[in-house]
Structure formats: structure tokens, C-alpha cells
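Dear colleague,

Please find below the structure that I am handing over to you. My notes on it follow directly after.

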Amino acid sequence: MGYYENEIFQEGASEGAVKSGYAYEYYRKLSEYTGWEYEYVYGTYNELYKQLVDGQIDLLAGIAMLDDRVGVIAYPDLAMGSELYSLIKHDTDDSISSNPASFEGKKIGILDSAMVNALSDYLFEQKVSADIITYDDYASLFEDFENSQLDIAAVEGSGTYSREGIEVLCSFGTTDYYLCVNINRPDLLFTLNQAQNLLAIEEPNYINSLRNKYFSGSVSSLAFSGSEKEWIAANKTLDVGYIEDFLPYCATDSEGNVTGVVKDVIPMILGALNLEDIEVTYHGYKSYDEMLSDMNSGAIDLAFPVEGSLFYSEENGIYQSSPLVSTNNELVYKGDYDSSSVKTLAVYMNSGLQYYYTIAAFPDAQLKFYDSVDACMEAVQKDEVDGTILNGLRAYNLLRNSKYHGLSATQLIGKDDLCFGIEIGNKGLLKLINRGLSVLDEDYVLNTASRYSDNLYKYGLKDFLKDNSEIGIAFLIIVFLIILVILVLQSERKIAKEKAQRFAIQKIFDQMIMAFAQMIDKKDEYTSGHSFRVAEYSRKLARKIGYSEALAQKVYNIALLHDIGKIAVPSRILHKPECLDDNEYSIVKEHASLGKEILQEIDSLPEIALGAGYHHEKYDGTGYPEGLKGEAIPKIAQIISVADAFDAMYSTRPYRKRMDLEDCLMEIRKGEGTQFNPELAEAFIELVHDGWLDKIDTDNDVLWW
């Protein structure tokens, strides 16, 4: 593989250098289809092209198709990309404009490639005579341009880094470019054609996503047009209107401040354009129509969000920006879904966004208007309507609230674009916003949205009791009895210290904890007996590190309830046989903090809440729920963490056999210093090697001690 240095396109053209770029990533993708391993040969583009022609290398990327090359090198059926050629100048040079006549006599630097012919043809058509200077590589070309030894640079518009202080004059041509093959290697050409065709079929958006990833920061990204410069010169502030109740995208918090994705994205856009000095003011609106009215009157510059229907945007007198995010909408319904039965739909009366999408997706449906999204959901719950339409991210998180558990959602066909709205005629701001959006990473927007989605849903103790009424009643009874026993114990201590009485009360307390542990294990049939095994492992480990028998028994009781929070995890998730998705996993992770919440009222045994709340913290700080590190993690939780991890590996489940013992211990050792306290991990491994595990039947939950 010939490999030459070219900004963004491919970088790291030397032995041992880290490689990256559009072409490099394309090579790696092709390897997934071909199985190819590459040996890279370095040089300038011209040197490597000659080696390709001479048969010294097999492949070279970025080659335009010219008549005199066909038959000398082999072209595949499909291009690896396309390129727009542009001319740029220093923005301080007023002697050159977009009028080609101003290029007369100027020095134009250009890479010695297919661009030279395109530029020559363009200048000939424009009847302009200029001094064309060719370069073997971009590095030397841009060095001369930046040192003002060139008046104009001819560039591949999406193939150079964003540069300040330049202005795009015009484009002078476009071409496809190819990954070409040594003419003597028809076997490689055949394999390449197969791979490119399969890639186009199986991953049809790959080229576009690769282009967006690497070329969003192109030379044109910071080359402001005339209308953009006019807007920047005339505006020192940016007034942004947003809908107040549209998390995760935008909302007003309890203190009256903007929150949601829009709060983070606007500064990101301005920063990408080096316009941080512009002061941003946010204005919240309950009504979509009121927001657009203020835009048309000039009270705000931007409206967010507007929905991706060009017709309705035109009717409202606004431009749409490029999409900030494209998501699926969900139809929320009750009972069994049948598209033909959707005759009435609930619409939030202040949401033009929801209204316009609804009439487009269900033009024959009767609409009923409500004063909030919650009211729309409740209307579905009460069978007043057949459904309501919500943005996908919002629907998923709202439906997680216990009061909506009787509702379901189905994804509607097609993507819905959420855009910024700009008043028609304000083309400078429209271009600026689109330019900034092109630089934003789509993953950034989705990750930010996920962060704010948490505010749509909070599964607390109240929700748990509502979802699990029978367990909730049992829980309240047991907590009452525990408190009663503690009070009796305290009273008896004051009255007398007779050992028999204390022993009897302590026995009742222990039995109640064990009963509660059995209830936890019954909740999750896949891990039956888990609480008792972890408790026994924890007791043994406590003894090993020097705890007294009384303290070891205390550790046992605490460990019995380490998973108490799991009784709040919906059974549909806990018993799901397939892998959990990210949202389902986040629900499962909440069992730790919920366990702490349930047990923290038992102040006579404070460690019991610590064991439940922090047994998933990791020694290196990467655990949850609080990311505690090292000795900041309570010791009881550190002990339970080792025991819990071991049992997860060494227990048989319906969907898999348990791991071999030595493999389990190897995983424990790998986790020393990262997942586990190294001293506790080593102590546990020594315990197992001492043979104590032979006395515990981990599959049948029979504990012999």
C-alpha cells in the first residue's frame, strides 16, 4: 500500500507513526471484507504513483480517473470518494476577489495531480493568465501559502484542515477518486471490486459517515461568505428561543434557567466558528406559535426545535437549519397495537412540533388537544384517545415512570429531524448555524441528550412500592418488625443484660434478615441462593483478614442484603434472557443506590446500607453509583465486591454453565487494583486454595458450616 502524507486524507506517513485519516480508515474497513494485511510504503504522491505504474507497489489511493491513466493502472468499479476543488486566498488580500479577472498574474500553488488539468481548463475558460506553481506535497504548498509566497492556493475542498484567515474564492472542478491497483494484479482488483460492492450493499451510509467524520472541518468551514460576514459584523448577541418542556433537548429548570441539549450545543457551535465573543441569551416559551411569532417580530434570532417539514416551516416564515439530530418518533398506545384502529390522537396544544408531525403522519385521525404532555399520556391511559406521538428519546424515558406502565410504544416509519428555525431572509445566520452543525459530532449530541434524559425518569422507592405492592407490603412489615426488635433490644439492655434474652432477640433479628434474603433471591430466579453464597464467602474472607467471629457474623448479615435493591428492578428486565440494552442496564445499576436508600434508616447497623450501596464500586474509581476510589470505598463493600464477583462467575445459570474454578481465580487476580482491593483479592484466592470451598455446594445452595 502506497502511503503519502495528506492532511485529513491520510496521516502518519512514516515508519512507526500513528496512522489516521479518511483513507486509512477506509483501508481498515476494506480489510474486514478482504482479510488483507497491509505493508505500507512511504513517499510523496508522485513517487508512489510512479511505483504503482512500475509494479513496485500494489495499491495507491486518491487517484482521479484520467484517459492517459486507464490501461496503465487498474481502476475498480466504485470510487472511494469525491472531491471538490477550490481556490482560496488570504482574507487580508483585497486585490483578489471571487471575480476570476482578479487572478490575472497571480501565483497559484497546486498539488501536482489531476487538479492541474482542471485548473488549467478553468483559467483558460475564464481567459485568465496566472503563474501555476506545482508541488509534490501539501506540506510545502501550505508552508509557502502561509508565508505569502503564493497569492492563491488550489485545494481539495474537503481535504485540508480548517484554517483561519482564509477566504474561499470559488470552485474550479470536481472529480471522483479511487483506490487504484497495480495493472499486473487482476486478483487484487477482483477482490477489491467484491469488497467495495459488498460494503455498498451492507453499509450503504459508510462513505457518507466517513466523509462527515473527517471532512466536517474542511477549508470551507471557517471561510465565511459575504452574508455571514455581514451578520457577524452587525450582531454582538444571539437570542435563542426554546420550548420550555421538551427534555432532553430543551427546558427551563426549577431556578428559571435553560437546560437540555440546546444549552450545550449553542456554545459548541459558536466555539467551532471562533465566535465565542457573541453573547447568548435564552428565552423559554410554553407555546410553539408564540416562539415563532417572536421570531417573525425580531425578538429572537433562533427558534428550537422546529420539526423537519419544509412545507410547514415555509408556512411559518422560517428557514430550517441542517438537523441537529434525527430521531424516530413513537406512537404511545394502550393494549394491542393496530394501525387501522388509530382514529383519535392526543396533541399537546402548545406544541406545534408535535401537531405538525401528527397531521403529516396520520392525516385522517381526529385530534384532541390537551394542556400538557402528561395530560396526553393520561388520555391514552383512560382510553379517551387511541394514542399520542412523542419523540423517541422522550417516549422511552417517560414510559419508564411507573404511572405509565400500562402503556406501550411502537416506532413510526421514517426519521424526524429536529432543526433550528431562522427567519426567512436571514441567510447569514442560517449559513453560520449550518456551518457550526457540520462540525459537531453526532455522538456528542446523542450522549448529551442521554444525560438530560435522566430528568424525565426517576425510579424511587415510591415507584418500587407501586410496581411491587406485594413485596412492598412485606417489606414494610419486615422493616416494622426490625425496628420493633431493635427497640425491644434497646429496652432489654436498659432493664437487664441477661445473655439469654439478648441471644434470643439477636436470633430473631438474624432470622428476619435471612427471610428477607430469601425474598430477594426469589425475586430473581436466575440467581437463586446468590445472597446466601455471597454472605458466606464474605464471612470467610472477613475471618481470613483477621475479623473476630462476632464481626465476621456481622459481615454475613450485611452481605445477605447486598442485593436488596433488586426487588425494585422490573421483572421483565431482571428475567430478560437476551443481553440488556444500555437503558435496561442503567435501570439494573440503580439497585445499588436504591438498596442504600432502603436500608439507611437502620441506624443501629449503619454498615448494612453501605454494603448494599457500594458493593459495585471499583478500586480504581470506575464503578457505580458514585465512582468511589480506593479506601474511600467502605471496607464492608470491598469485601462483598470480591465475594459477589466470584459467585457471579462460579455459579451455574440457566443460560450458561459456571466457569472453571481456576479461571474464576484468574479473573479475580486480573482485577487486583482495578476492580478489587489487591489485599482482599489475594486473601480470597488463598482461601480458595486452602480448600474451604469444597464445603459449599454452589449449585444447590446448601451451605455446610
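Residues are numbered from 1 along each chain as its sequence is written, and side-chain values use heavy atoms, with hydrogens and water left out.

The mean pLDDT (the predictor's confidence in each residue, from 0 to 100) of the protein chain is 83, and 83% of its residues reach 70 or more. Over residues 697–705 the pLDDT falls below 50, and this stretch has 19 contacts (heavy atoms within 4.5 Å) beyond near neighbours in sequence. Where pLDDT is low, the predicted coordinates should not be read in detail.

Helices (H or I, at least four residues) and strands (E, at least two) are DSSP runs, numbered from the N terminus. Helix α19, residues 530–544, spans 21 Å from its first C-alpha to its last, close to the 21 Å expected at 1.5 Å a residue (the expected span being 1.5 Å times one less than the number of residues). Of its 15 residues, 13 are buried (under 20% relative accessible area; exposed is over 50%, partly exposed in between, with a 1.4 Å probe and protein chains only), so α19 is largely enclosed by the rest of the structure. Just after α19, G546 takes a positive phi of about 105 degrees.

An open sheet of 3 strands runs in the order β11-β12-β13 with antiparallel pairing (two strands pair if DSSP finds at least two bridges between them). Its edge strands are β11 (245–246) and β13 (258–259), each pairing on one side only. β11 and β12 (residues 250–252) are joined over 2 bridges, and D245 has A251 as its bridge partner in β12.

S102 lies in the loop between β5 (81–90) and β6 (107–111). S102 is buried, at 15% relative accessible area, and touches S95, I96 and S97, leaving aside residues up to four places away in sequence.

The whole structure holds 27 aromatic pairs (rings of Phe, Tyr and Trp, the last by its six-membered ring, with centres within 6.5 Å; planes under 30 degrees apart are stacked, over 60 edge-to-face, the rest tilted). F304 and F420 form a tilted pair, 4.8 Å centre to centre with 40 degrees between the planes. This pair links β15 and β21, with F304 and F420 116 residues apart.

With kind regards

How values were computed:
Predicted model: local features only at pLDDT ≥ 70, side-chain atom pairs only at ≥ 80, totals over all residues.
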